[in-house]
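Student: I am new to this structure, and I would like to understand what stands behind the words used to describe it. Could we go through them one at a time?

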Amino acid sequence: MQNLLSSERLRAGLPARALDTGADVQYPGFERTAVPAGVVHLGLGAFHRAHQAIVFDRLLAAGDRRWGVCGVAMRSTALADALATQDGLYSVQIASAAGLRWQVPGALLHTCVATRERDRVVRAIAADATRWLTLTVTEKGYGPDLAALIVDGLAARRVAGRPGLTIASCDNLTDNGRKLQALCLAEAQARDAVLASWIGECCAFPNSMVDRIVPAATEAQREATAAALGVNDEAALSTEAFWEWVLQRRLADPADADALASAGVTLVDEVKPFEDAKLRMLNGSHTALALLGAVQGWETVADGIARPPVRRFVHAFMTQAAMPGLTRPELPQYRDALIERFANPHLHHRVHQIATDSSLKIPLRWLPALREALDAGRSVDLLAFACAVWMRYLQGRDEDGGAYALSDPHAQALQALAHAHADDTDALVHALLGFRPMWPPEFATDSRWVPRVAHWLRRIRAGGSAAALYEIAA
Ligand code: CS2
């Protein structure tokens with residue numbers, strides 16, 4: 001079987017059908033060799049390659065040559081190297097109600113690895129052709145190492161007399177652009193006040209909301225691609241047809257707004273209504289579903305949605321826990337569309353993937369809604385149930401006795417608490433809600449919250465999560 005790159009049609013950059021397998025495939029619609037990298041992207045995971053890279057591919061196909069990508073894996077050498085041997089090409093399977101189609105985006109031109117080739121990354125950020133820096137480094141990526149890398153690149157740009165960049169965080173963080181800006185400015189300030197003010201004046205850090213469900217790539221996906229396209233692809237991905245990118249109109253080059261809008265990006269002055277709706281409704285219920293799925297032993301989000309009580313719970317969670325206080329237009333339609341997206345049977349979005357780093361996700365996804373519900377005197381039961389499921393999840397064993405490992409920076413500390421108080425529900429709830437890296441102090445003592453979490457954890461422990469779910473979703 002041919003490697004993806006060895007297809008003559010791909011080399012020529014011609015739109016064509018797959019190698020006569022009959023699959024519906026869209027190849028890059030532009031001559032890739034003539035394109036410089038105008039974007040440096042940090043975090044070469046599946047999400048970027050199925051989201052921003054496809055937007056940039058559209059712009060390139062429309063003749064705007066400024067959006068080629070230098071993709072930086074933060075650590076994973078295997079992925080960056082596999083992509084390098086395929087000349088940056090990979091296939092994305094897109095599953096909608098209308099069926100399956102494939103796209104091979106051509107925007108990714110070069111790859112490198114931050115931990116292995118740091119100088120190359122710094123030079124790419126400083127390069128003349130570079131205009132944008134985009135990021136998908138996950139919640140835990142926003143630390144001093146990231147700031148140092150970006151600021152090294154920006155310092156080199158300034159010394160070379162080059163203009164500033166648009167630096168767009170595309171991670172699921174509240175106020176992602178502002179947070180990244182604060183991180184970079186603090187790092188720059190510690191080195192050199194002039195550099196810090198140059199960054200403040202010349203670089204733009206828009207907030208953004210990005211959305212597309214992109215499960216982690218699997219061997220099964222690689223095999224499906226080989227069967228459908230007749231090529232081997234070590235970096236094959238699958239995703240849904242839906243995507244959304246809402247970006248704050250705060251760009252180093254304001255003219256980029258029109259370019260991005262022409263490719264389907266929504267430019268707004270205020271991202272918050274979109275970001276809040278997405279974090280609380282999509283990501284908030286994703287986390288609740290993931291933890292419940294891990295405890296009940298089902299594999300994917302779609303497996304869960306296929307169960308009527310789970311579907312009822314998600315509907316109730318979005319409607320009663322997440323939606324009050326949100327201002328994105330047409331919330332009921334947004335909710336119904338989300339539940340349909342979760343039900344997509346082609347996605348194989350594993351609950352354990354979403355449960356990764358839950359201790360970092362829960363504060364972003366559940367706390368704002370919880371705080372508002374408490375302030376408004378509304379019931380917090382759906383959130384308390386979800387929280388109790390998280391506590392049960394920390395046991396590391398599903399309800400059929402199957403063991404699983406937690407992938408979470410706080411796993412050890414949390415599991416130690418869970419085991420220390422395994423026999424006493426109230427003590428366990430008290431200890432876990434007192435875990436300061438996750439919960440602000442008031443959530444350890446609030447008499448409208450703590451007893452409800454304890455109530456649901458007791459129900460789950462006594463009769464199992466399915467019975468408790470049946471009650472809460474009734
Ligand atoms: C998911 C997200 O893994 C997770 O935590 O909630 O990756 C989710 O699929 C995306 O944000 C959808 O846009």
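Tutor: Let us begin with a pair of helices: H11 passes H16 in a left-handed crossing, a name used when the near helix is turned anticlockwise from the far one by less than a right angle, whereas right-handed is used if it is turned clockwise. Please keep in mind that this is a predicted model, in which local features need pLDDT of at least 70 and side-chain atom pairs count only at pLDDT 80 or more, while totals for chains, interfaces and linings use all residues. Residues are numbered from 1 along each chain as its sequence is written, and side-chain values use heavy atoms, with hydrogens and water left out.

Student: Why are H11 and H16 called oblique to each other?

Tutor: The axes of H11 (residues 272-296) and H16 (residues 358-365) cross at roughly 140 degrees and come within 9 Å, where axes are lines fitted to C-alpha atoms, for helices over the stretch in contact, and angles run from 0 to 180 degrees between N-to-C directions. Angles under 35 degrees count as roughly parallel, over 145 as roughly antiparallel, 65 to 115 as roughly perpendicular and the rest as oblique, so H11 and H16 are oblique. The helices themselves are DSSP runs (H or I, at least four residues), as strands are (E, at least two), numbered from the N terminus.

Student: What makes the contact between H20 and H21, and how do its residues divide by class?

Tutor: H20 and H21 pack at an angle of about 125 degrees, with their axes 9 Å apart, and H20 passes H21 in a right-handed crossing. Thr 425, Asp 426, Leu 428, Val 429 and Leu 433 of H20 meet Val 450, Val 453, Ala 454, Leu 457, Arg 458 and Arg 461 of H21, contact meaning heavy atoms within 4.5 Å. These residues divide into seven nonpolar, one polar and three charged, given that Ala, Val, Leu, Ile, Met, Phe, Trp, Tyr, Cys and Pro count as nonpolar, Asp, Glu, Lys and Arg as charged, and the others, Gly among them, as polar.

Student: How do you know whether Ala 386 is buried or exposed?

Tutor: Ala 386, which lies in helix H18 (residues 381-393), has a relative accessibility of 2%. Buried means under 20% relative accessible area, exposed over 50%, and partly exposed in between (1.4 Å probe, protein chains only), and therefore Ala 386 counts as buried. Leaving aside its neighbours within four places in sequence, Ala 386 is in contact with Ala 288, Phe 317 and Trp 366.

Student: What is Glu 442 called, by its relative accessibility?

Tutor: Glu 442 is found in the loop between H20 (425-433) and H21 (450-463), and its value of 37% makes it partly exposed. Its C-alpha atom is separated by 9.8 Å from that of Arg 371, 71 residues apart along the chain.
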